[in-house]
Amino acid sequence: MKLPHTDGRSDVGGKLVVVTVALLAIFSVETEHVYAYIDPGTGSLLYQTAIATVLGVGILLRSNWRSIVRVFGAVFKGHPPDPGAKARTDSK
Amino acid sequence: MMMGHGVSGSFRDPAGHVFCREGIYYRQVNHAGREDYERLQSSGLYETLTAAGLLIPHDNLGLVDTAEPEAWTVLRPRQVPFISYPHEWAFSQLRDAALATLEIQRRAMAAGMSLKDANAANIQFVDGRPLLIDTLSLERLTAGPWVGYRQFCQHFLAPLALASFSDQRLSRVSQLFVDGVPLDFASRLLPLSTWLRRGPLLHLHLHAVGERRLAHRPSPAPAPATSRATGADLKEAVIASLRRAVQRLRWQPDGAWKDYYERRESYTADADSQKQSLVAEWLDRARPATLWDLGANTGRFSRLATDLGVRTVAFDQDASCVERMYVDARQRKDPYLLPLVMDLTNPSPAMGWAHEERASLIQRGPAEWVLALAILHHLAIGNNVPLDRIARFMRSVGRELVIEFVPKDDPMVRAMLASRADVFPEYDVRGFESIFSRHFLIERRVELRDGARVLYWMRAR
């Protein structure tokens, strides 16, 4: 199975997801207070917090992709979880 | 006693500033910067970064009697041989500087510190490698987003993306914006197809939208100390994403001049090798400490100097040539060559606040030696600059000059004059010598074997 986001050129679906989530995140974030001697830009800081969240979630999804697929496979197809999948993930 | 004039490019940071005294540059650390400076040392980060060739090394001189009450100590950094500015760099130089900045930030975060700005001018090329020269740019790592993010995108990603996806010449717009290319401006200039590329999409296009849409949101109250995790982890994700974005950017050089030597329309092979051995011989005799090669092309003559250990700045207006020189020097690990994009008919001006943040080209000289080979006709005939003005310019940038006179019957000059009136009556060997003799003493004069071009070695009067 092909992991998502491993091929930046052909992964249009992945990009659409990133765009959508980023756009949603832009309008829903709060950021922490930062102090800087240069003006980091309030808008830029809030935006960065949003994409950091998206990127963080991306990393989380990528590193746990097999487990997620296994769980969803079990839910939608009614198969019992494949015990081999976890072993393959661990040995990666 | 340590008083000296401040270097104005460094006045923004309350943690300290650079000053110059008797030609030596020092960095004053104020009490406001003491804690971060001590952390830089105690965390081992200074050691790590200087050993990796990412941060300029310095000696801490201690507080040497200063009239300024905010001063805590004075550092004497390793001196940078020649200060260059990002708009003078070729694509790969800016790209390497960007990657160096991200690598410094990555290592800093691992040591509990972070860059508090990401100004491209904080990077200088020393021994052929990009080096952070602002020791006070590193501060304690705190939770929350990276404060250098916007600056990084404006100073590095935007000009690189413009060069890569639109037109290489657009990377020079950074000369117009002292704090980097505005993101909405870059976003508008980039082709629509870049909305489908993750790096430009996330860090330029959507960043520009986000900046505009979120600018007037009230800043929330200070975060509680429990949010440590959101700090480092989220910063790391952003830094990793920026690195991927920079690494994917490419630019393939092209240009009319870079095949010049290969074509050699203007030279017989004999005259060419004679010119090369003359320059090599004179250089070997003089062994100057610094040399500027004006119109360096692919740097063939600069190589003669750097092979002798002469610190050489090779200027050319063709970014393709500069790119090629840089990539080649990087491959050879040549520590003496600094290639830069410079149009001699419009050299870099003094810029920034009160014209003092960035020095003009002439202010950064003079060099001990100037090479001006096969360039006179471009200035005098191609650009209608009178010979006396060329001589005065050469006098202002160097103490000794090796210059080649290119006569009117040279094929290149004939091509230049083919479709225009010859309004250059003084342009012949006699006129050239009499005018340049007002400013220089002619030490050597050798007619090249093809019988047309003449090579001179001159000393400033």
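# Chain B: strands, helices, domains

Me: In strand 12 of chain B, which residue is the bridge partner of Val313(B)?
Reply: Val313(B) has Leu338(B) as its bridge partner in strand 12 of chain B. Strands here are DSSP runs of E with at least two residues, helices are runs of H or I with at least four residues, and both are numbered from the N terminus.

Me: What kind of model is it, and how do the numbers run?
Reply: This is a predicted model, in which local features need pLDDT of at least 70 and side-chain atom pairs count only at pLDDT 80 or more, while totals for chains, interfaces and linings use all residues. Residues are numbered from 1 along each chain as its sequence is written, and chains are lettered from A and ligands numbered from 1 in the order in which they are written.

Me: OK. How many bridges join strand 11 to strand 12 of chain B, and do they run parallel or antiparallel?
Reply: Five bridges join strand 11 (residues 311–316) of chain B to strand 12 of chain B, and the two run parallel. Two strands pair if DSSP finds at least two bridges between them.

Me: What is the strand order in the open sheet of seven strands?
Reply: The order is 12-11-10-13-14-16-15 in chain B, with mixed pairing. Strand 12 (337–341) and strand 15 (440–447) of chain B are at the edges with a single partner strand each, so one side of each has no neighbour in the sheet. From one strand to the next, the twist averages 15 degrees. Angles run from 0 to 180 degrees between N-to-C directions, and axes are lines fitted to C-alpha atoms, for helices over the stretch in contact.

Me: Which strands does helix 11 of chain B touch?
Reply: Helix 11 of chain B packs on the sheet, touching strand 11 and strand 12 of chain B, and its direction makes about 160 degrees with that of strand 12 of chain B. Contact means that C-beta atoms, placed from the backbone, lie within 7 Å.

Me: How do helix 3 and helix 11 of chain B cross?
Reply: The axes of helix 3 of chain B and helix 11 (residues 319–332) of chain B come within 7 Å and cross at roughly 50 degrees. The two helices are therefore oblique to each other. Under 35 degrees counts as roughly parallel, over 145 as roughly antiparallel, 65 to 115 as roughly perpendicular and the rest as oblique. Phe91(B), Ser92(B) and Gln93(B) in helix 3 of chain B meet Glu323(B), Tyr326(B) and Val327(B) in helix 11 of chain B.

Me: And where do helix 4 and helix 6 of chain B stand, at what angle?
Reply: Their axes come within 11 Å and cross at roughly 110 degrees, with helix 6 of chain B covering residues 198–214. That makes helix 4 of chain B roughly perpendicular to helix 6 of chain B. Cys153(B), Leu157(B), Ala158(B) and Ala161(B) of helix 4 of chain B make the contact with Pro200(B), His203(B), Leu204(B) and His207(B) of helix 6 of chain B.

Me: Switching to strand 5 of chain B: which residue stands opposite Gln28(B)?
Reply: Val74(B) in strand 5 of chain B stands opposite Gln28(B). Gly62(B) also stands opposite Val74(B). Strand 3 (residues 24–30) of chain B is joined to strand 5 (residues 71–77) of chain B by four bridges and runs antiparallel to it. Four bridges also join strand 4 (residues 58–62) of chain B to strand 5 of chain B, again antiparallel.

Me: Last one: what are the domains of chain B?
Reply: Chain B is divided into domain 1 (5–77), domain 2 (86–214 + 227–248) and domain 3 (260–460), with bounds from an automatic or database domain assignment.

Technical notes. Two residues are in contact if their C-beta atoms, placed from the backbone, lie within 7 Å.
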